[in-house]
Amino acid sequence: MGGGGGRREAIERELHKLRAEREELDGRIRLLESQLEAEPAGVGGEGEGEGVVPVVGSCDGSVGCQSRGRNGFTPNGGLPADMIYRYSRHLLLPDFGVEGQRKLSQSSILVVGAGGLGSPVALYLAACGVGCLGIVDGDDVELNNLHRQIIHKESYVGQPKVKSAADACREINSSIKVVEHHHTLKPCNALEIVQKYDIVVDATDNLPTRYMISDCCVLLKKPLVSGAALGLEGQLTVYHHNGSPCYRCLFPSPPPVAACQRCSDSGVLGVVPGVIGCLQALEAIKVATAVGEPLCGRMLLFDALSARIRIVKLRGSSPDCTICGKNSAFTEQDFQKFDYENFTQSPMSDKTAPSVNLLPESARITCRDYKKMVDNGEPHILLDVRPMHHFQIASISPSLNIPLSVLEEKLPTLEASLKKAGAAPALVVLCRRGNDSQRAVRFLREKGFASAKDIIGGLQAWGQDVDPDFPVY
Amino acid sequence: MHLTLEFGGGLELLLENSTKVHKVEVPPKDGQATVTMRGLLTWVKDSLIKERPEMFVKGDSVRPGVLVLINDCDWELCGGLDAELEEKDVVVFISTLHGG
Ligand SMILES: [Zn+2]
């Protein structure tokens with residue numbers, strides 16, 4: 001009994017001693033924290049060195065913490081002090097915490113496309129402390145990008161987008177690794193680039209690239225956070241992760257070319273890709289940290305005009321999918337040889353609308369020849385078949401605007417204008433790039449306007465070859 | 001049968017005034033009690049689509065690149081063309097976007 005009592009006393013003494021030590025440690029921690037709060041730029045704790053637990057190689061690969069590691073402290077083997085201060089509001093989230101931040105700092109994420117979607121993705125991923133952020137883009141910054149591609153600044157117009165984006169990311173967070181891939185992602189380089197990363201974010205702007213990235217992610221077993229935006233709508237999902245389908249499971253065959261709208265044709269409200277890009281960053285963070293439920297097997301549909309977000313349930317990955325299905329024979333060699341532009345019949349770029357060739361040469365004139373007609377005072381009517389909202393942006397004066405979509409019903413208007421223009425006036429048809437003008441001339445010739453001709457290359461050629469002051473859009 | 005149809009991702013451009021939401025009354029085919037998705041597609045093509053029907057249908061289904069959702073669920077999970085619709089169902093046709 002007596003021996004038991006003695007043991008009890010010894011334990012109580014030990015407990016008392018340990019509690020006192022803990023209080024002292026807590027006091028030191030609070031002191032360090034307050035020093036850190038007061039002096040964010042410097043690293044406190046000069047006088048406290050002995051009491052600070054040294055960092056044991058837990059640098060998570062980020063540059064900043066390596067250089068400061070010795071002065072940082074790691075409660076419970078946690079994060080270095082400078083990371084704790086920078087990401088404190090993340091650490092305070094019970095669902096995220098130290099574990100979430102650590103996983104983030106150990107993850108590598110590739111953002112394909114530094115445009116309207118990629119801008120907020122890269123900015124947020126850099127700011128939140130992803131260990132390694134890769135950015136792929138082969139384009140240069142253009143002035144007409146800046147309304148939505150908010151990572152780029154005016155001073156970077158003409159410079160590579162990857163450089164502009166990477167510089168912006170480094171300015172926000174010098175402690176992460178930012179890698180520039182100044183290429184357009186292609187089947188010949190995609191495997192090599194993508195395999196270096198844990199997660200891929202598709203922030204591109206065209207259909208063949210979307211098929212290519214999805215196939216590549218299936219081959220390399222990478223989750224794919226895919227976003228798209230056009231006009232006033234956006235879409236978002238996570239492919240090939242937790243049983244979710246790949247892009248080909250959902251869309252085994254590509255849509256007809258005429259159904260592929262481009263931002264450079266149809267327009268896009270700047271903040272719409274911004275919204276989708278922010279959500280892509282969020283999903284990438286969730287996948288990287290395994291926090292929450294990523295948007296797998298579901299798709300988010302955003303309609304900015306009606307301010308509605310709808311989340312729908314998608315099919316699972318298809319066992320018969322030619323790429324991710326269990327009997328798929330698609331190899332890395334197949335991938336490298338696959339012609340995605342031919343498969344989708346559209347280019348790996350947002351800029352070049354495929355040009356059509358519908359008319360014989362005799363039914364077309366160049367814009368320089370048209371200029372001569374005008375200078376020679378030849379009687380004619382210039383018919384502009386662009387949509388009205390295009391015509392309102394800029395037009396050649398005088399010209400008659402009848403959009404192609406209503407040309408048939410407005411033929412009497414055209415006839416009346418031709419009559420007023422005098423004896424046997426020429427009919428010259430114009431559009432933005434010289435495609436719709438060909439369709440219009442073909443239709444007009446069928447309707448008996450035998451002299452109708454279209455201007456090759458449309459207003460784009462006019463601006464290049466005749467009137468350099470004509471506004472480009 | 002009373003249904004709400006929604007068109008998005010550019011498909012609305014094929015409809016009158018580019019209206020996205022259509023509350024419609026779709027009659028079952030003769031001798032049938034319900035409307036199937038197959039029947040609905042035919043009805044939409046004949047009654048709502050104003051131009052370029054090839055931008056909406058291909059063969060007896062929707063064209064590639066269109067997602068069909070019945071009450072916010074992929075129609076592939078509901079039986080596809082053979083899915084039987086119920087009173088007040090919401091059917092969404094949405095073209096996938098590629099821009100960014
Ligand atoms: Zn698949």
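**Figure 1. The salt bridge between B:Glu6 and A:Arg310 in the predicted model.** The closest N and O atoms of B:Glu6 and A:Arg310 are 3.0 Å apart. This pair belongs to the interface of chain A and chain B, across which the rule finds six salt bridges. Across that interface there are also 17 residue pairs in polar contact, both residues having pLDDT of 80 or more.

**Figure 2. The side of chain A that touches chain B.** Two or more residues each are given to this side by helix 9 (207–220), strand 5 (224–230), strand 6 (233–239), helix 10 (247–250), strand 7 (298–303) and strand 8 (308–313) of chain A. Strand 8 of chain A provides the largest share, five residues. By residue class, this side consists of 21 nonpolar, eight polar and nine charged residues.

**Figure 3. The area buried between chain A and chain B.** In the interface, 38 residues of chain A are in contact with 29 residues of chain B. The buried area is about 2600 Å², and carbon and sulfur atoms give 57% of this area. A:Glu233, A:Arg310 and A:Arg315 supply 23% of the area that chain A buries against chain B, more than any other three residues.

**Figure 4. The aromatic pair of A:Tyr239 and A:Tyr247.** Over all chains, the structure holds 12 aromatic pairs. The ring centres of A:Tyr239 and A:Tyr247 are 5.6 Å apart and the planes stand at 90°, so this pair is edge-to-face. A:Tyr239 counts as buried because its relative accessibility is 3%, and A:Tyr247 counts as buried at 5%.

Conventions: Residues numbered from 1 in each chain as written. Chains lettered and ligands numbered in written order. Predicted model: local features only at pLDDT ≥ 70, side-chain atom pairs only at ≥ 80, totals over all residues. Heavy atoms only, no water. Contact = heavy atoms within 4.5 Å. Buried area = accessible area lost by both parts, 1.4 Å probe. Salt bridge = Lys/Arg side-chain N within 4 Å of Asp/Glu carboxyl O. Polar contact = N/O pair within 3.5 Å; in protein donor to acceptor, adjacent residues only side chain to side chain. Helix = DSSP H or I, 4+ residues; strand = E, 2+ residues; numbered from the N terminus. Nonpolar A, V, L, I, M, F, W, Y, C, P; charged D, E, K, R; others polar. Phe/Tyr/Trp six-rings, centres within 6.5 Å; stacked < 30°, edge-to-face > 60°. Buried < 20%, exposed > 50% of the residue type's maximum accessible area, 1.4 Å probe, protein only.
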